[in-house]
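This report describes the fold of one protein chain for a reader who is new to structures. Please keep the sequence and the model in view while reading.

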Amino acid sequence: ASLARGNLHARRLGPAPGLVARALANEALAAARAYLAAQRVRTAAVETADGELWSGPQSGPNRLESLDPAGAHFARWLPRDGLPGGTVYALASDAMGRIWLSTNRGIASFEHKSGKFHAFTLADGLQGMEFNGGAVATLRNGRIAFGGTNRFNLFAPQSITATRYPA
C-alpha cells in the first residue's frame, strides 16, 4: 500500500535510508501535514518507487527532505526553476523515477536526478493547457491519465524520452 493512500505505518520517507514515519501521532509528520495545509495543497501526495514523498501545493511541487522533532523539511520548485506555470493540479510518478505534473500551463515531467523539467504543450498533443485539480490516474500498465478542461490526456511515460534538440 502506498503512503499516498494513507498507510503511514513504518514506511521510509525521503532520501535518507532508515527514516521512518510511525503513525499519525508522530509530531514531525503532523508538522509536515500542517506545512502542506498552509501551502494550499491541491493534490494528494505521491510516493515514488524509491520512497520519496512529493506533494503539489498551489505554488509548485514539494519533496519531503526530512522529518525530525523540530518538524518537516521540504525542497520546493517554482517557475523560476523551470516549472511551467505556477499552479500544480495533480502529481504522478513513473517506474523510471520521474514525477509528472499537470499545471496551469500544460503537463511537465521532472527528472530529480538532473533537476530538470520538461514541458509538454498543445504542440505535443495535449487536450488543452489547463487541467483539473486532483484529476490523475496511474493505470496498472504504467500509463498515466491527467484530466483537463477538454477531456483527458493518456500516455505511456516509459515511451517518452527527452531530446537534446530544440523543437
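## A covered strand and its neighbour

Strand E7 (88-93) is mostly covered, for 6 of its 6 residues are buried. Here, buried means under 20% relative accessible area, exposed means over 50%, and partly exposed lies in between, with a 1.4 Å probe and protein chains only. Strands (E, at least two residues) and helices (H or I, at least four) are DSSP runs numbered from the N terminus. The model is predicted, so that local features need pLDDT of at least 70 and side-chain atom pairs count only at pLDDT 80 or more, whereas totals for chains, interfaces and linings use all residues. Residues are numbered from 1 along each chain as its sequence is written, and side-chain values use heavy atoms, with hydrogens and water left out.

E7 and E8 run antiparallel and are joined by 5 bridges; two strands pair if DSSP finds at least two bridges between them. Alanine 90 has serine 102 in E8 as its bridge partner, and serine 93 has isoleucine 99. The hairpin of E7 and E8 has 5 residues between the strands, and glycine 97 in this hairpin takes a positive phi near 90 degrees.

## The two faces of E8

Which residues point one way from E8, and which the other way? Ile99, Leu101 and Thr103 point one way, Trp100 and Ser102 point the other way, and all are buried. In a regular strand the side chains alternate between the two faces of the sheet. E8 is thus described as mostly covered, with 5 of its 5 residues buried.

E8 also pairs with E9 in the antiparallel sense, over 5 bridges. These two strands form a hairpin with 2 residues between them, and threonine 103 has glycine 106 in E9 as its bridge partner.

## Two nonpolar cores

A nonpolar core is a set of buried Ala, Val, Leu, Ile, Met, Phe, Trp, Tyr and Cys residues joined through side-chain atoms within 4.5 Å. The largest one has 12 residues, among them Val88, Leu91, Ile99, Leu101, Ala108 and Phe110. Strands E7, E8 (99-103) and E9 (106-111) each supply at least two residues of this core. A second, separate core of 11 residues includes Tyr89, Ala90, Trp100 and Phe146.

## The loop between E11 and E12

Arginine 143 is found in the loop between strand E11 (131-138) and strand E12 (144-148). Arginine 143 counts as partly exposed because its relative accessibility is 31%. Not counting residues up to four places away in sequence, arginine 143 touches Ala137, Thr138, Leu154, Phe155, Ala156 and Pro157, where contact means heavy atoms within 4.5 Å. The C-alpha atoms of arginine 143 and alanine 156 are separated by 4.3 Å, although these residues are 13 apart along the chain.

Leucine 139 lies in the loop between E11 and E12 as well, and at 35% relative accessibility leucine 139 counts as partly exposed. Leu139, Phe152 and Leu154 make a nonpolar surface patch of about 270 Å². Such patches are made of residues with over 30% relative accessible area and no salt bridge, like charges being joined within 9 Å and nonpolar side chains (Val, Leu, Ile, Met, Phe, Trp, Tyr) within 5 Å. A salt bridge is a side-chain nitrogen of Lys or Arg within 4 Å of a carboxyl oxygen of Asp or Glu.

## The chain as a whole

The chain holds 1 helix and 13 strands. Of its 167 residues, 44% count as buried.

Terms used
Accessible areas come from the Shrake-Rupley method with a 1.4 Å probe; for residues, only the protein chains shown count as cover.
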